[in-house]
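Colleague: Hello! Could we go through this model together, one question at a time?

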Amino acid sequence: MSLGSYPTYAQAQQVVDCPADHPFEVGTAQIIGSDLRLVEQITGRLTWPRALLSGAASGAWFGVFVGLLLGVLSTIAFVRAMALGLAWGALFGMAFAAAGYALTGGHRDFTSRSATVPSRFEVLVAAGYGDRARTVLEGAAR
């Protein structure tokens with residue numbers, strides 16, 4: 001049973017939160033986003049230095065993880081294992097980033113973040129709980 005449709009998630013969340021403050025089974029409620037669209041936010045220009053630096057940073061994180069495992073699970077000194085993992089991870093990260101950037105051939109010289117964003121949010125509750133939910137919402141509105 002639908003309790004309503006709202007343009008923002010915050011409004012739908014408030015509708016669910018109200019019965020949660022009263023003795024009501026909120027586990028029967030759902031917030032459903034509809035009319036989905038992909039929004040890509042451009043964050044900047046992608047250049048060779050930025051691509052290499054980004055690759056080195058992500059590779060370094062992986063290298064630190066591998067170094068941590070080597071330091072714990074082998075006879076190599078912990079600090080040496082971490083340093084080797086960091087160095088090799090950054091090197092391989094740069095190499096993979098360079099290859100990836102070169103293969104784009106300049107067709108995607110920007111960085112971005114993507115998100116799937118709904119246009120509407122509908123609040124639903126199980127059929128047996130609809131009347132109780134509406135009663136609680138009407139009582140809270142007063």
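Colleague: Is V79 buried or exposed?

Modeller: Happy to start there, with a note on the source: this is a predicted model, where local features need pLDDT of at least 70, side-chain atom pairs count only at pLDDT 80 or more, and totals for chains, interfaces and linings use all residues. Residues are numbered from 1 along each chain as its sequence is written, and side-chain values use heavy atoms, with hydrogens and water left out. Buried means under 20% relative accessible area, exposed over 50%, and partly exposed in between, with a 1.4 Å probe and protein chains only. V79 has a relative accessible area of 66%, so V79 is exposed.

Colleague: Which elements give two or more residues to the nonpolar patch?

Modeller: Patches join residues with over 30% relative accessible area and no salt bridge, like charges within 9 Å and nonpolar side chains (Val, Leu, Ile, Met, Phe, Trp, Tyr) within 5 Å; the areas come from the Shrake-Rupley method with a 1.4 Å probe, and for residues only the protein chains shown count as cover. This nonpolar patch covers about 1,000 Å², and F62, L69, I76 and V79 are among its residues. Helices (H or I, at least four residues) and strands (E, at least two) are DSSP runs numbered from the N terminus. On that basis, the elements are helix 2 (48-73) and helix 3 (78-104).

Colleague: Where does the largest share of the nonpolar patch come from?

Modeller: V79 has its place in helix 3. The largest share, however, is eight residues, and these come from helix 2.

Colleague: How many residues of the lining of the largest pocket are nonpolar, polar and charged?

Modeller: On a 1 Å grid over the protein atoms alone, a cavity is a set of points where a 1.4 Å probe fits but cannot get out, while a pocket is an open set with protein on both sides within 12 Å along at least five of seven lines; lining residues have an atom within 4 Å of a point. The lining includes G59, F62, L84 and W88, and its largest share, six residues, comes from helix 3. Ala, Val, Leu, Ile, Met, Phe, Trp, Tyr, Cys and Pro count as nonpolar, Asp, Glu, Lys and Arg as charged, and the others, Gly among them, as polar. The lining therefore divides into eight nonpolar, four polar and no charged.

Colleague: How much space lies in the largest pocket?

Modeller: Grid points are joined across faces, edges and corners, and a volume is the space filled by probe spheres set on the points. For the largest pocket, that space is about 160 Å³.

Colleague: How many residues apart in sequence are the parts that E40 and R108 tie together?

Modeller: A salt bridge is a side-chain nitrogen of Lys or Arg within 4 Å of a carboxyl oxygen of Asp or Glu, and a search of the whole structure finds one. E40 forms a salt bridge with R108, the closest N and O atoms being 2.8 Å apart. E40 lies in strand 3 (residues 37-45) and R108 in the loop between helix 3 and strand 4 (110-117), so the pair ties together parts whose separation in sequence is 68 residues.

Colleague: What is the phi of D35?

Modeller: D35 sits in the loop between strand 2 (29-34) and strand 3, and is exposed at 53% relative accessible area. Most residues other than glycine have a negative phi. D35 has a positive value, near 55°.
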